[in-house]
Amino acid sequence: MAESEIPVEPVDPLSELKKDLEGWREALLPLNGLLTWEKPYHPGILVGVTTFIFALVWYFEPSLLTTLALMGLVITAVDFTVPLIGPSLFGSRPWTVTEERQFEEICQRILNLRGHFSSFVEGLATLKAEKPKVYFLVVMGVLALFGWIGCIVDNLFLTFIIVLVALMVPGLRKHGIIQKYLLKYWLIVKKLLFGRMQVNPKKTN
């Protein structure tokens, strides 16, 4: 007689992520406040710290291997020490309901970022399958543009701009600057490239 299969409960991605980041929650709240500009001076801190780090790289001119090794050392040290000293460093007071809600919002934004990336990759794959000529022109044009920018702009300065923009995006979104000035242009581009896929969604049985 065949054994009955045990039903597997669906895994909640949000709960799984919260569990994975449990040791980081005390550090994530102030970091999130910094990235979303809770204080008027937070953008200045982000720009200042980023500029100082890249100024050190520019002054000492380490090799690529040395730079990658130093980045790996810093990331490994932070990943090891923060879960250990986070509760004592950021305070041993009880975890409040408000802080739990903020932590959950941070985890949800991380999941949304993953979802946006997955949707972008799936959109490119669909564009390649349904509009191969458009896909070819878009990819070749973007890569050619990036190659041209890389030839005329210093590599370190270009990396500095990319990192700085990435750090400023959460604050720009929180204060509605991206939505006000850039979202409408992105929607136009998205409609031109992916409009056909959105009009014809996949049918489900």
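## Second largest pocket

Helix α4 gives the most to the lining of the second largest pocket, contributing nine residues. The model is a predicted one. The helices that each supply at least two residues to this lining are α2 (25-35), α3 (42-60), α4 (64-89) and α7 (155-174).

The second largest pocket holds about 1,300 Å³ of space. It is lined by 31 residues, of which Ile53, Phe54, Met71, Val74 and Val163 are the closest to its centre. By class, the lining of this pocket comprises 25 nonpolar residues, five polar residues and one charged residue.

## Helices α3 and α7

Two of the helices that line the pocket, α3 and α7, also pack against each other. Their axes come within 10 Å and cross at roughly 155 degrees. Because angles over 145 degrees count as roughly antiparallel, α3 is roughly antiparallel to α7. The crossing of α3 with α7 is right-handed.

On the α3 side, the contact is made by Pro43, Leu46, Val47, Thr50, Thr51, Phe54, Val57 and Trp58. On the α7 side, the residues are Leu156, Thr159, Phe160, Val163, Leu164, Leu167 and Met168. Twelve of the residues in the contact of α3 with α7 are nonpolar and three are polar, with no charged residues. Phe54 of α3 and Val163 of α7 take part in this contact, and both are listed among the residues closest to the centre of the second largest pocket.

## Helices α1 and α5

The axes of helix α1 (residues 13-20) and helix α5 (residues 97-130) come within 10 Å, with a crossing angle of roughly 115 degrees. This angle makes α1 roughly perpendicular to α5. The handedness of the α1 and α5 crossing is right-handed.

From α1, the contact involves Pro13, Leu14, Leu17 and Lys18. From α5, it involves Glu100, Phe103, Glu104, Cys107, Gln108, Ile110, Leu111 and Arg114. The contact of α1 with α5 divides by class into seven nonpolar, one polar and four charged residues. Lys18 of α1 and Glu100, Glu104 and Arg114 of α5 belong to this contact, and Lys, Glu and Arg count as charged.

## Helices α5 and α6

Helix α5 also meets helix α6 (residues 132-152), and the axes of the two come within 5 Å and cross at roughly 125 degrees. The two helices are therefore oblique to each other.

Leu124, Leu127, Lys128, Ala129 and Glu130 of α5 are in contact with Pro132, Val134 and Tyr135 of α6. Six residues of the contact of α5 with α6 are nonpolar and two are charged, and no polar residues take part.

Terms used: Residues are numbered from 1 along each chain as its sequence is written. This is a predicted model: local features need pLDDT of at least 70, side-chain atom pairs count only at pLDDT 80 or more; totals for chains, interfaces and linings use all residues. Side-chain values use heavy atoms; hydrogens and water are left out. Axes are lines fitted to C-alpha atoms, for helices over the stretch in contact, and angles run from 0 to 180 degrees between N-to-C directions. Helices (H or I, at least four residues) and strands (E, at least two) are DSSP runs, numbered from the N terminus. Angles under 35 degrees count as roughly parallel, over 145 as roughly antiparallel, 65 to 115 as roughly perpendicular and the rest as oblique. A crossing is left-handed if the near helix is turned anticlockwise from the far one by less than a right angle, and right-handed if clockwise. Contact means heavy atoms within 4.5 Å. On a 1 Å grid over the protein atoms alone, a cavity is a set of points where a 1.4 Å probe fits but cannot get out, and a pocket is an open set with protein on both sides within 12 Å along at least five of seven lines; lining residues have an atom within 4 Å of a point. Grid points are joined across faces, edges and corners, and a volume is the space filled by probe spheres set on the points.
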